[in-house]
Amino acid sequence: MEALYAATVGVLMACGIYLVLRARTFPVIMGLTLISHAVNLFLFATGRLALRAPAVIGQSETYTDPLPQALVLTAIVIGFAMTAFVVVLALRAVVELRNDHVDGVDPDEDWRP
Amino acid sequence: MSLAALPILVPLAAGALSVAFWRSVAAQRAIALAGTLILLFVSILLMQQVHSEGFVVLHMGGWQAPLGITLAVDMLGAIMVLLTGITGLAIALFSLGDTPERHEKFGYYPLMHLLLAGVAGSFVTGDIFNLYVWFEVMLIASFALLTLGGERAQMEGAIKYVTLNLFSSAIFLSAVGILYGLVGTLNMADIAQKLGQVEDTGMVNVVAVMFMVAFGIKASAFPLFFWLPASYHTPLVGVSALFAGLLTKVGVYSLFRMFTVVFDHDVAYTHTILLWVAALTMLSGVLGAAAQFEFRRILSFHIISQIGYMILGLALYTPLAIIGGVFYIMHHIIVKTTLFLVSGVTYRLTGTHELSELGGFYRERPMLSVLFLIPAFSLAGMPPLSGFFAKLIVIRAGIEAEAWTVTAVALLVGLLTLYSMVKIWAEVFWKARPEAEDGVQRPEPRTEGLVWMYVAITGLAACTIFIGLNGQPIYNLAEVAAEQLMQPQGYIDAVLEGRP
C-alpha cells in the first residue's frame, strides 16, 4: 500500500509541476491544484498509514494519529479558498490582458477571447 | 489576558469592524487610524513586557505546550511586532490622504487590517503549522490588495506573485509534514529539543533546505526573487509600501527563527548555503536596480539587495552577525517604507513614476527633497543614520568571521546602492522638470490629503534618525534578541515550562 500511495503522491506532484510550467493561466491553476492535492496526501501520510484504526483513543485497540488529519483538513480549506481566488484572478486577467499567458503578452498571438 | 494575543486580535477586530461599517468610508477611516494606533500601543506594551520578563508565552485554550497552539514572543518577535505597529500606523495615515475612494469602497481598510493581523500572527506564534496558517492569512490579504483596482499591469504582476507564493506554501507545508513525521510535534521549541535526538541527520538537512527554499521565496532571496520586481510596482503606493516594509521581512524573520532555534545542528552545511545565497541576493538586487529607470522598480530591486544583508547576518552565525541582522531588519523596514511613500508623493504631484518624466522637486518642494534624502542616505549607509550602523555591524561581523568574499560583496553593494539613490536624486529632485510634449496637457496635481502623506513620511524619517542617534539602546535590544536566538534553551524552557 505504501508504494502505491507514494507513487500516487509522486505522480500528482510531477503532473502539477509540468502543468505549472506550461505558462498559460488555466494549466497553471490546474497544476497548483494538483500540487496542493499531492501535498495534502503527503501530509496525511506523515501520521503513518494504518488500516482499520480510528483516530480516536479507546474505540479500538489500535488508533491512528489524529493530528495529520486535522492539519490536512485545515490545508484543504485554505487550498480551496486560494484556488477560488486564483480562478477569479485568472478570469479577470484574461479579460484585462486579452490573452492567457502568464507574462501578459502572448508570444504566439494565436489566441483571442 | 496575556499580551501575546493582542497584536493579532486588535487588527482582526479592527478589520471586522471596518467590514461592519462597509458603507461608511468615514467610519472605516476612523477605525483604520484608531486600530493601527492601538496596535502600536499594544506592541509597545508587549515590548516592555518582553524586555522585563524575557519571554511572553500564551498557551491557547489552556492546552499546555506541546499539545496546544502556543504563542511565544521573544525579543526578536517583540521587535518585529513593534515595527509592524509603526509601519501599520504610517500606512494608515498615508492611506487617509492617498487612497482613492473607489478603493476605499471595495474593502481597502479591512484588507489592510487583515494583512497586519497575518503579519503580527507570524511574528508571535510558536507553532510551525500555525505559522503556515498566518502566512496564508497574510497572503490572501496581500493578493486582494495587490489586485485592488484591477489594472492591466496589476493583473500581470499578480499572476506571478500568486503562483510563486502558492508554490512556496506547498513546499512549506510538505516540509512541515516531514518534520512532523520525524519528531511528532509541531511546537517549535519542542521540535528544537527533539531534533537533536533524530538519527537520520540527512533527512533533517533535507527538511532544513525545504524550509530554506519556502522562506527564501517569501523573502525574495536569490534565485527565487523574480516575482517581487514583477509585482511590487503595480498596486497603490500605500500597498507597495506596506508590502515592501513587512511582507518579505516575514520570510526573513522565519529564516531567522528556524535557522537559529530549530536548525542549529549542522551549521556548516545549512549556513554555508545561506552565505552564498546572501552574497548573490545582494549582488543581483543591486545590479537589477542599476538597470531600472522607474522609481518604484528601483526601490523594489533594492529590497532584494537589502534582504541579502539580513541573510548575511544570519548566515555568518556569530553573535555579532545576528545582532547586525536584527538591527538591519529594524532599519530596513522603516527606511524602505519611507522611500516608497516618498515615491507616492512625487506620483501624486506629477502622475508618473518614470524617472525621465520627473524632475524639479528640489526647487519646488525642498521639504520633500530632505525627506527623501534622509532615508536614501540611510539606505546607502551614511553616518549618522540608521543604515550606517546596520551595515557597520554586519560588515564588522563578516571581517571578524574572516568571510572576506561576502564582506567585499557587502561593501561593493553599499557603494552601488549609493549610485542608485544618487540616480533617483539627480533625476527626480535635482534636474529641471522636462517640458511636456506639444499638445499634451499635464494633469493638475491633486493636493488634497497631501498633509496626511507628509505626516506619515516625516514620522518614519524621524524614526530612522532616532535609530541612528540612539544606536546604543537599539543595539542593546538587538543584542538581547541575538542572545536569545543563539542560546535557544531559554526559549525552549520558557515555552515548555510546566509540561506534563
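I took contact to mean heavy atoms within 4.5 Å. With that rule I looked up where the two chains of this predicted model meet, and I found 30 residues from chain B and 30 residues from chain A in the contact.

For the record, residues are numbered from 1 along each chain as its sequence is written, and chains are lettered from A in the order in which they are written. Local features need pLDDT of at least 70, side-chain atom pairs count only at pLDDT 80 or more, totals for chains, interfaces and linings use all residues, and side-chain values use heavy atoms, with hydrogens and water left out.

I next looked up the buried area (the accessible area, with a 1.4 Å probe, that two parts lose on being put together, summed over both), which comes to about 2700 Å² for chain B and chain A, 80% of it on carbon and sulfur atoms. In chain B, Arg152(B), Ile159(B) and Tyr180(B) lose the most area to chain A, together 23% of what that side buries.

I then searched the interface for salt bridges (a side-chain nitrogen of Lys or Arg within 4 Å of a carboxyl oxygen of Asp or Glu), and the rule finds one. This salt bridge joins the side chains of Asp103(A) and Lys160(B), at 3.5 Å from N to O.

Turning to helices (DSSP runs of H or I, at least four residues, numbered from the N terminus), I noted that α6 (128–147) and α7 (152–183) of chain B are the elements giving two or more residues to the side that touches chain A. α7(B) gives the most to that side, with 17 residues.
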